[in-house]
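Subject: Structure handover

Hello,

Please find the structure below, for your files. My notes come after it.

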Amino acid sequence: FGRMTYVTNHDQNGNNDGGKLSTLYGSNRYAMTVMSFTVNGMPLIYNGQEIGDNDVLNYFEDATKVNWSNVDATMQTLVGKLAQLKHEQLPLANRPAYQTATATLNASSSDVLAYVRTIDNEAVLVVLNLSSSQQTFRISDVNPGTYSQVIKGSASSIDVTATDVTLATDGNITLDANGYAVYVLKEAA
């Protein structure tokens, strides 16, 4: 049935104070959350991660609770949209009946990770800028066509309004520092 993917869990969080998303990934915690939802596998969401709770939780004591009054709106919106996509987009499915393929793509910047999940004629393209500066780059082996950009964000903002864009092997993509984008193929060129 696949594997569990995670960016943190109760062992990391509770045992060494190093398992908080901000400690592990800093401003890349949003991009790493995107990756955990879009690579092959089922994402594990640890208590409070869906709202960006940055507390250390003691899972041996009932007194330690998720702080629901301190919500990181960017993380909450991001996790909600990623969960929706996981259910709606067949290439992101984690079901044995569907054999999806994942391919790493060649980006012109070494700070950018790009990959695509496909099944039949459906595709979801994920692009992550793991640097602390804005990156403008090309993806030389992207499947050209019309995509719906369903997520575009950074450490400080997120936009989940679907926007049609045309992607081509000779076109530039720009992502903010620690930025991320998710595209759903609508029509291949």
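Predicted model: local features only at pLDDT ≥ 70, side-chain atom pairs only at ≥ 80, totals over all residues.

Residues are numbered from 1 along each chain as its sequence is written, and side-chain values use heavy atoms, with hydrogens and water left out.

Overall
The chain has four helices and 11 strands, taken as DSSP runs (H or I, at least four residues, for helices; E, at least two, for strands) and numbered from the N terminus. Its radius of gyration is 17 Å, close to the 16 Å of the globule rule for 189 residues, so the chain is as compact as a globular protein of that length. That radius is taken over C-alpha atoms, and the rule is 2.2 Å times the number of residues to the power 0.38. Along the principal axes, the C-alpha atoms fill a box of roughly 55 × 40 × 25 Å. Of the 189 residues, 43% count as buried (buried is under 20% relative accessible area, exposed over 50%, partly exposed in between, with a 1.4 Å probe and protein chains only). Among contacts (heavy atoms within 4.5 Å) with a separation of 6 or more, 63% join residues 24 or more positions apart.

Cores
A nonpolar core here is a set of buried Ala, Val, Leu, Ile, Met, Phe, Trp, Tyr and Cys residues joined through side-chain atoms within 4.5 Å. The largest has 23 residues, of which Val 34, Leu 78, Leu 128, Ile 151, Tyr 180 and Val 182 touch the most other members. Two or more residues each come from α3 (29-38), α4, β5 (122-129), β7 (145-153) and β11 (180-188). Apart from this core lies another, of 17 residues, including Ile 139, Tyr 147, Ile 173 and Leu 175.

Beyond its neighbours within four places in sequence, Leu 78 contacts Tyr 30, Thr 33, Val 34, Ile 151, Ile 158 and Tyr 180. α3 is mostly covered, with eight of its 10 residues buried; among them are Tyr 30, Thr 33, Val 34 and Phe 37.

Pocket
The largest pocket has a volume of about 160 Å³. A pocket is an open set of points on a 1 Å grid over the protein atoms alone, where a 1.4 Å probe fits, with protein on both sides within 12 Å along at least five of seven lines; lining residues have an atom within 4 Å of a point. The volume is the space filled by probe spheres set on the points, which are joined across faces, edges and corners. The lining consists of Phe 37, Met 42, Pro 43, Ala 83, Lys 86, His 87, Ala 93, Asn 94 and Arg 95. β2 (42-43) and α4 (73-88) each give two or more residues to this lining, and α4 has the largest share, three residues.

Single residues
- Lys 20 is in the loop between α1 (10-16) and α2 (21-25) and is buried, at 18% relative accessible area. Its C-alpha atom is 5.9 Å from that of Asn 54, 34 residues apart along the chain.
- Asp 120, not a glycine, has a positive phi of about 50 degrees. Asp 120 is in the loop between β4 (112-119) and β5 and is exposed, at 72% relative accessibility.
- Asn 178 also has a positive phi, near 55 degrees. Asn 178 lies in the loop between β10 (173-175) and β11 and is buried, at 10% relative accessibility.

Regards
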